[in-house]
Structures are given as structure tokens and as C-alpha cells.
Amino acid sequence: MKSVVTTVVAAADAAGRFPSSSDLESVQGSIQRAAARMEAAEKLGGNLDQVAQEAYDACITKYPYLNSDGEANSTDTFKAKCLRDVKHYMRLIQYCLVVGGTGPLDEWGIAGGREVYRALNLPTAPYVEALSFARNRGCAPRDMSAQALTEYNALLDYAINSLS
Amino acid sequence: MLDAFSRAVVAADASTSPITDLSSLKAFVAEGNRRLDAVNAIASNASCMVSDAIAGMICENQGLIQAGGNCYPNRRMAACLRDGEIVLRYISYALLAGDASVLDDRCLNGLKETYAALGVPTTSTVRAVQIMKAQAAAHIKDEPSEARAGKRLRKMGSPVTGDRCASLVAEASGYFDRVISALS
């Protein structure tokens with residue numbers, strides 16, 4: 001799973017090298033940024049349900065047609081699943097904050113997403129809207145420190161860009 | 001391949017819940033510099049560790065370098081030194097990542113079967129790994145034996161904390177033990 005450490009280890013292994021000083025420097029960089037990431041992960045982990053709920057509400061507000069008959073948010077089951085999807089994305093973003101890389105989003109969220117949403121007739125725009133709302137909702141230092149918010153927003157941008 | 005962080009992520013994902021307890025990972029981050037020093041201590045002494053461990057294994061069992069022994073011609077000795085280095089390299093990766101998955105997946109998976117097919121004696125291999133385990137502990141603690149090293153004594157000079165990095169020594173020893181149990 002992609003993170004700072006696994007990236008340098010895979011590169012060293014491909015060349016048959018012991019960890020060199022540049023490898024150790026890379027890991028050192030991850031350690032320095034870890035405090036901000038951990039802060040964001042802690043905040044998001046503790047408030048995941050509320051964050052996901054607000055983001056979900058925002059996308060349904062923007063696209064009310066989704067509530068019409070036959071659309072993706074028309075039944076209770078569909079609504080629960082939409083909210084669950086948003087929650088999944090936020091959870092994977094929390095994992096990415098912990099790992100310090102995009103591995104969890106890549107492997108468990110983005111890979112195959114396009115095919116699934118197309119086959120099941122789920123419009124991408126509401127996902128983008130939910131994630132964009134979360135992206136613009138955060139405020140430093142009210143929610144977390146500025147550096148932590150930067151890490152959090154960068155991952156939301158990464159998820160948004162993968163859908164657009 | 002996983003590291004200490006993605007290991008926690010995989011565990012949390014099994015119950016589709018966010019990670020709530022970050023204390024152990026924060027401790028990992030706080031001790032990060034010591035970990036890098038420990039990896040450096042092994043990587044910087046790798047050549048000495050490997051040659052000393054293989055030579056020690058042979059001195060204790062001279063049959064290995066007689067005709068029919070598995071270190072007998074240069075070709076076999078070279079392969080043995082190379083294997084010692086490979087094992088130590090994957091252990092250094094595991095110590096850097098804080099997780100054994102890279103060692104398991106890329107080194108130990110199938111190693112016993114390979115050695116059985118080639119007729120490589122696993123008891124001797126285990127002895128070489130044990131010697132490297134002792135060396136790694138000494139280098140991480142920065143307490144190499146003056147009596148044994150003599151003039152070639154080599155200290156890292158890195159600042160070692162009061163407990164002589166006991167947790168990292170224990171972790172590294174665990175990876176060496178993993179190799180030993182995979183072979184036996």
C-alpha cells in the first residue's frame with residue numbers, strides 16, 4: 001500500500017540496495033509531517049458521522065432531482081447507501097491521513113469506481129459535490145490547525161480530481 | 001507491502017470503522033529518529049555482519065567447506081554470502097517500515113521449500129541468522145564487543161537513549177526470529 005516508507009522500500013528492493021541515506025531522509029520527511037496528519041486524522045475520526053452527513057446533505061440539496069422516482073436517492077435504501085458511500089470516502093481519507101500516502105483511497109476507493117458508478121447508473125457529480133462541500137467546509141484554526149487542514153484538503157482534492 | 005501505519009489501516013478497514021486509537025502510531029512517529037538510526041546502524045555495517053556471520057557458521061561447522069559441503073566451491077560460498085545479505089536486507093526493510101510484511105512476502109515466502117529442493121542445510125542457515133541477530137542488537141545499541149572486534153571495533157557514535165533502544169532491538173530480533181521460524 002502506497003506510503004512514504006513503502007515507496008522507498010520498493011525502490012530500494014528493485015535495485016537490491018540496503019536503505020540508503022536518501023531513503024532515510026524520505027522517511028524523516030514523513031515523520032516531520034506526521035503531527036499535522038495525525039491531528040487531522042484524529043479530528044476526522046472523531047467526527048466522521050457528522051462530516052459525512054453534512055456533505056451528503058449538501059449534494060442532495062444541490063441535486064434535488066435525485067429524490068425523484070427512479071433516481072439514485074429515491075428510496076430509503078438508496079438514501080442510506082448514498083450516505084454510506086460518502087462515509088466510505090471520508091473513512092478512506094482518514095486512512096490516507098494515517099498512512100501519509102494515497103494508498104487506501106487508490107486501492108479501496110478509486111480503483112474501479114468509475115466502472116461501478118457507470119454500471120449502476122450513479123451520477124458522479126453528486127459525489128464531487130459532497131467532497132467539494134467537505135473541501136470548502138473546513139476552517140483553520142476552528143476545526144484543526146492550518147497545516148492539518150492543508151493535509152486534509154489535499155486528500156479531498158485528490159478524491160475530487162479522481163472523479164472529474 | 002504494508003508498514004506500521006497501513007497495518008493499522010487494514011485492521012480498521014476489516015470493521016469499516018475509522019481509526020480511533022492513534023496513540024501507538026504517535027509513539028512510532030515520536031521514536032522515528034531512533035528507528036532511522038537503527039536502520040542506519042544495520043545498513044552501514046551490512047558487509048561486515050554478513051561475512052562475519054557466514055564465516056562464524058563455517059568455523060563452527062567445518063564440514064560445510066569440505067567436498068560435499070554446501071559452502072565448498074567458491075560458487076556455493078558466493079551464493080551463501082549473497083543469501084545472507086539478502087536476508088539482512090529484507091530485515092532492514094522491515095525495521096524501516098515497522099512491519100514484517102515485506103520480509104514475509106518477498107523473502108521468506110517459499111524460502112524453506114527452495115532450500116529443501118537445493119539441499120541447503122537449514123540448521124546452518126539458522127545459525128548464520130542467529131549470529132546476524134546478535135550483531136544487529138549490538139549495532140543498534142551501539143555496544144559492539146570490544147573483546148571480539150579488537151582493532152576493528154566500530155562504533156556508530158549516534159546518540160542512544162538510556163534504555164539502549166531496547167524496543168527497537170526487540171523488534172529487530174523479532175524479524176530475525178521470523179526468519180528462523182520460517183526455515184525450521
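**Salt bridges, a kinked helix and cavities**

Q: Is B:Arg35 buried or exposed?
A: B:Arg35 is buried, at 10% relative accessibility. Buried means under 20% relative accessible area, exposed over 50%, and partly exposed in between (1.4 Å probe, protein chains only).

Q: What are the ground rules here?
A: This is a predicted model: local features need pLDDT of at least 70, side-chain atom pairs count only at pLDDT 80 or more, and totals for chains, interfaces and linings use all residues. Residues are numbered from 1 along each chain as its sequence is written, chains are lettered from A and ligands numbered from 1 in the order in which they are written, and side-chain values use heavy atoms, without hydrogens and water.

Q: Which residue forms a salt bridge with B:Arg35?
A: B:Glu171, with the closest N and O atoms 2.8 Å apart. A salt bridge here is a side-chain nitrogen of Lys or Arg within 4 Å of a carboxyl oxygen of Asp or Glu.

Q: And which parts does that pair tie together?
A: B:Arg35 lies in helix 3 (residues 32-44) of chain B and B:Glu171 in helix 10 (residues 166-183) of chain B, so the pair ties together parts 136 residues apart in sequence. Helices (H or I, at least four residues) and strands (E, at least two) are DSSP runs, numbered from the N terminus.

Q: What does B:Lys133 meet in a salt bridge?
A: B:Asp177, at 2.8 Å from N to O. This pair links helix 8 (residues 122-141) of chain B, which holds B:Lys133, to helix 10 of chain B, which holds B:Asp177; the two residues are 44 apart. B:Lys133 is partly exposed at 26% relative accessibility. B:Asp177 is partly exposed too, with a relative accessible area of 33%.

Q: How many salt bridges over all chains?
A: The whole structure has 22.

Q: What does A:Asp13 form a salt bridge with?
A: B:Arg89, with the closest N and O atoms 3.1 Å apart. A:Asp13 sits in helix 1 (residues 4-15) of chain A and B:Arg89 in helix 5 (residues 74-97) of chain B, so this pair joins two chains. Both residues are buried.

Q: New topic. How many helices in chain A?
A: Eight, and zero strands. Its C-alpha trace spans about 60 × 40 × 20 Å along the principal axes. Of its 164 residues, 46% are buried.

Q: Where is the kink in helix 2 of chain A centred?
A: On A:Ala34, with a kink of about 45°. The bend is the angle between axes fitted to the seven residues ending at a residue and the seven starting there.

Q: Now cavities. How many of 30 Å³ or more?
A: Two. A cavity is a set of points, on a 1 Å grid over the protein atoms alone, where a 1.4 Å probe fits but cannot get out; lining residues have an atom within 4 Å of a point. Points are joined across faces, edges and corners, and the volume is the space filled by probe spheres set on them.

Q: What volume has the largest cavity?
A: About 80 Å³. Its lining includes B:Arg34, B:Asp37, B:His139 and B:Cys165. Helix 3 of chain B gives the most to that lining, with four residues.

Q: What is the mean pLDDT of chain B?
A: It is 93, and 100% of the residues reach 70 or more. pLDDT is the predictor's confidence in each residue, from 0 to 100.

Q: What ipTM does the predictor give the complex?
A: An ipTM of 0.88, with a pTM of 0.89.

Definitions and conventions: On a 1 Å grid over the protein atoms alone, a cavity is a set of points where a 1.4 Å probe fits but cannot get out, and a pocket is an open set with protein on both sides within 12 Å along at least five of seven lines; lining residues have an atom within 4 Å of a point.
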